Amino acid sequence: MQIVNDNGCSWINDLNPRSNIKVLDKNEECEWLIIGAGYTGLSGARKLGQLYPGQKILLVDAQLAGEGASSRNSGYLVDTTLNDGFTSNKELDNYKKKADIYKLGIDVIKKFIKEYQVDCDWNECGKYFASSNKEDRKILENFSDTLSKLGFEHNLLSNKELKKRLGTNFYNIALHTKGGILLHPGKLVRAMIDTLPDNVNLYENSLLLNWKKKNNTVICKFKNGSIKTKKIIFATNGFLKSLGIKSNYNFPITLTASMTRSLSDEEFRSLGEPKEWGVLPVRPMGATIRMTKDKRILIRNTAEVFSPYQMSKSKLYKRSLKQKIGIKKRFPELPDDIIQSSWSGIVSRTRNSSQIFEKIDDNIFVAGCYNGSGIGVGTLFGEQIAIKASNENTKEIETIEARNKPTWLPPDPILSLGVRARLIFERVRARSEI
Ligand SMILES: Cc1cc2nc3c(=O)[nH]c(=O)nc-3n(C[C@H](O)[C@H](O)[C@H](O)COP(=O)(O)OP(=O)(O)OC[C@H]3O[C@@H](n4cnc5c(N)ncnc54)[C@H](O)[C@@H]3O)c2cc1C
């Protein structure tokens, strides 16, 4: 396996390239090892660094830190996600458990950016769940009911108001939640790298090839070295399965997104100069689309089972054509050649949309599978798995542990066939929204 990403991600390309990249090229021994340096791994490493100033803590990533999904996402820090409306108290209770975790995720990011004065284009403008399909009103009304019962401020909007707020006539109905933040994911994750404690040693471009437990240690093999560690945290999210971790509970999904250049003043005026906004789809396979602070439009409208991990330029190009159509449908007045870059990223899913947070063996821990909502939850889970691995408990851990646990998945090829079939079904249901 190789983990090499395209270099098309606008969020990454907005930033200055990093220097002082260290590659693992020797054998090491340590107290703590974290594999994966996205939000989860970086947050876990930060916590361990604070808890154990005198211990050796290594953080290793197969590519440049933070340049996986943590930089490649759409930048919605969510407080709620859409469901079709709950009927029983049990379901409402489950939804609340999820929302409690999202809230803790928002809190942990807020604390981080306040403490380190991070500029990540933070905007507490809420988010829209929008659809062009009038029949989706029923879904949104049910959702509104759930949100009202749980005290989340929101309102339903129709086409006229949406045209004013979003600059497109495409959407007929939407639910706007007051909660939810839009941010620049690349800037956020870069700040997490830049502020790692001094006692955390980061190795990049160092792929973990295999690992095994021997007595009380875990031995990890890399291309040019090995690490023997007392405790290990796996924070590889979409790659957990490839490392043989919780294989029957998670699977990777590849998403692709595109971003336009900044709109010219004239183009922006033609849309009515809307404020920054973010739309999430009502149907799972519909498009996520966002107007950024600097007047760029981001769109993500694919999700697929894709193997191998690396997407070729031609395959990425094909997907970017879908994104071009998605933009054209919503903003016919904009020129055809407005997309500046396209990229792919890998996320992890579970069957029941629950997350993984657990000790899988003595001294071996794992956190991941955020089902597409990992900015806050990943940061929270990283921090808390470090605490759990220290045999401590917190209120946050109790909230996390109270969630429904991920349910069992069949092995391949049944799994990939099933997932593919489901994605096709969802794509058909969402065809007007792509
Ligand atoms: C297009 C897209 C849009 C998204 N939109 C949103 C959104 O709007 N809001 C939201 O909350 N979430 C969103 N997500 C999901 C979010 O990005 C992820 O949930 C989050 O990044 C997970 O963080 P992580 O640190 O657990 O995983 P990652 O960021 O994936 O980090 C895992 C790291 O592990 C490394 N790794 C893997 N295998 C190995 C190995 N064998 N050896 C060494 N290192 C390894 C990888 O290189 C990677 O850097 C989106 C994702 C994508 C791709």
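The following dialogue explains how to read several features of this predicted model.

Me: Which conventions apply to the numbering and to the confidence of this model?
Reply: Residue numbers start from 1 along each chain, as its sequence is written. The model is predicted, and local features need pLDDT of at least 70, side-chain atom pairs count only at pLDDT 80 or more, while totals for chains, interfaces and linings use all residues.

Me: How many residues of domain 1 and of domain 2 are in contact?
Reply: Domain bounds come from an automatic or database domain assignment. Here domain 1 covers 10–72 + 187–250 + 351–421, and domain 2 covers 76–89 + 122–184 + 252–347. Their C-alpha centres lie 28 Å apart. Two residues are in contact if their C-beta atoms, placed from the backbone, lie within 7 Å; by that criterion, 18 residues of domain 1 meet 14 residues of domain 2.

Me: Which helices supply the side of domain 1 that touches domain 2?
Reply: Helices (H or I, at least four residues) and strands (E, at least two) are DSSP runs, numbered from the N terminus. At least two residues of that side come from each of H1 (10–13), H3 (69–72), H7 (185–194), H10 (375–389) and H12 (414–429). As to class, Ala, Val, Leu, Ile, Met, Phe, Trp, Tyr, Cys and Pro count as nonpolar, Asp, Glu, Lys and Arg as charged, and the others, Gly among them, as polar. The side of domain 1 that touches domain 2 has 5 nonpolar, 9 polar and 4 charged residues.

Me: Which residues come nearest to the ligand?
Reply: A residue is near a molecule if its C-beta atom, placed from the backbone, lies within 6 Å of it. Of the 40 residues around the ligand, the nearest are Gly 36, Gly 38, Asn 73, Gly 345 and Gly 374. The shell divides into 18 nonpolar, 19 polar and 3 charged residues. Domain 1 and domain 2 each contribute at least three residues to the shell. Helix H2 (39–51), H3, strand E12 (251–260), strand E16 (339–349) and H10 each give at least two.

Me: At what angle do H2 and H7 pack?
Reply: Axes are lines fitted to C-alpha atoms, for helices over the stretch in contact, and angles run from 0 to 180 degrees between N-to-C directions. H2 and H7 pack at about 30°, with axes 10 Å apart. Angles under 35 degrees count as roughly parallel, over 145 as roughly antiparallel, 65 to 115 as roughly perpendicular and the rest as oblique. H2 and H7 are therefore roughly parallel. In this pair, Tyr 39, Leu 42 and Ser 43 of H2 meet Val 189, Met 192 and Ile 193 of H7. Their contact comprises 5 nonpolar residues, 1 polar and no charged.

Me: How do H4 and H5 lie to each other, parallel or perpendicular?
Reply: Helix H4 (residues 89–115) packs against helix H5 (residues 137–150) at about 70°, with axes 11 Å apart. The two are therefore roughly perpendicular. Leu 92, Tyr 95, Lys 96 and Ala 99 of H4 make the contact with Thr 146, Lys 149 and Leu 150 of H5.
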